[in-house]
Amino acid sequence: ARMGGQQPGPEIVTSLTRYLDAIPAPPAPTRAAPVDMVKGRLLFERAGCAACHTGPLMTSVVNSNVGTGDAFQVPSLKGLSRRAPFMHNGCAKTMEQRFNDPACGGERHGDTSSLTPEELGELTAYLGQL
């Protein structure tokens, strides 16, 4: 309804769901340097990201206002690196920009101001491997 389109009927939703579930997920991109997934997860939790991006799909599936004035559904972070640009309005062309550009997330979207530039790099690398 938010997009203004007509809602599909249950038969179409079921068929589309089966089709989409049958498409294998592409592998996450690999990096030249290994990613410390344990440290990345700890930084993710320390920044408060896990409060909304939780569970097996890394989403709470709730609507949340993250400083934009509107509430949007918390997206899954699975496969995040393949979905640029980032944020609801595409303001972050890269994951790094999401954390470095105050107009593109800010502190209502996790407390990343306490992270060092190296830690932000580790967090970004972690997110890129989900």
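A residue is called exposed when its relative accessible area is over 50% and buried when that area is under 20%, with partly exposed in between. The legends below use these words for a predicted model.

**View 1. A nonpolar patch on the surface that includes Tyr 19.** Tyr 19 belongs to helix H1, which covers residues 10-22. Its relative accessible area is 53%, so Tyr 19 counts as exposed. Together with Leu 16, Leu 20 and Ile 23, Tyr 19 forms a nonpolar surface patch. The accessible area of these residues together is about 410 Å².

**View 2. The largest nonpolar core.** This core has 18 residues, and the members that touch the most others are Phe 44, Leu 77, Leu 123, Tyr 126 and Leu 127. At least two core residues come from each of helix H2 (37-46), helix H3 (95-100) and helix H4 (117-128). H4 gives the largest share, with 4 residues. Which residues does Leu 123 contact, apart from its neighbours within four places in sequence? Leu 123 is in contact with Gly 40, Leu 43, Phe 44, Phe 99, Thr 112 and Leu 115.

**View 3. Helix H4 and its buried residues.** The 12 residues of H4 should span 16 Å at 1.5 Å a residue, and this agrees with its end C-alpha atoms, which are 16 Å apart. Among the buried residues of H4 are Leu 120, Leu 123, Thr 124 and Ala 125. Against which helices do the buried residues of H4 pack? They pack against H2 and H3.

View 4. Side chains of opposite charge can pair when their charged atoms come close. The whole structure contains 3 salt bridges. In one of them, the side chain of Lys 39 meets that of Glu 122, with an N to O distance of 3.3 Å. Lys 39 lies in helix H2 and Glu 122 in helix H4, so this pair links distant parts of the chain, 83 residues apart. Lys 39 is partly exposed at 31% relative accessible area, and Glu 122 is partly exposed at 23%. Another salt bridge brings together the side chains of Glu 119 and Arg 46, 3.1 Å from N to O. Because Glu 119 is in helix H4 and Arg 46 in helix H2, the pair ties together parts that are 73 residues apart in sequence. Glu 119 has a relative accessibility of 14% and therefore counts as buried, whereas Arg 46 is partly exposed at 48%.

View 5. Glu 45 and Arg 41 form a salt bridge in which the closest N and O atoms are 2.9 Å apart. An α-helix has 3.6 residues a turn, so residues three or four places apart point the same way. Glu 45 and Arg 41 are 4 residues apart in helix H2 and are therefore separated by about one helical turn. Both are partly exposed: Glu 45 has a relative accessibility of 39%, and Arg 41 has 28%.

**View 6. Backbone features in the loops.** The peptide bond from Ala 84 to Pro 85 is cis, with omega near -5°. Pro 85 is in the loop between strand E2 (71-73) and H3. Met 87 is also placed in the loop between E2 and H3. Although Met 87 is not a glycine, its phi is positive, at about 80°. Met 58 likewise has a positive phi, near 55°, in a residue other than glycine. Met 58 is found in the loop between H2 and strand E1 (63-65). Is Met 58 buried or exposed? With a relative accessible area of 4%, Met 58 is buried, whereas Met 87 is partly exposed at 24%.

Definitions and conventions:
Residues numbered from 1 in each chain as written. Predicted model: local features only at pLDDT ≥ 70, side-chain atom pairs only at ≥ 80, totals over all residues. Heavy atoms only, no water. Core = buried A, V, L, I, M, F, W, Y, C linked by side-chain atoms within 4.5 Å. Buried < 20%, exposed > 50% of the residue type's maximum accessible area, 1.4 Å probe, protein only. Contact = heavy atoms within 4.5 Å. Salt bridge = Lys/Arg side-chain N within 4 Å of Asp/Glu carboxyl O. Patch = residues over 30% accessible without salt bridge, like charges linked within 9 Å, V, L, I, M, F, W, Y side chains within 5 Å. Areas by Shrake-Rupley, 256 points an atom, 1.4 Å probe, with all protein chains shown as cover. Expected span 1.5 Å × (residues − 1).
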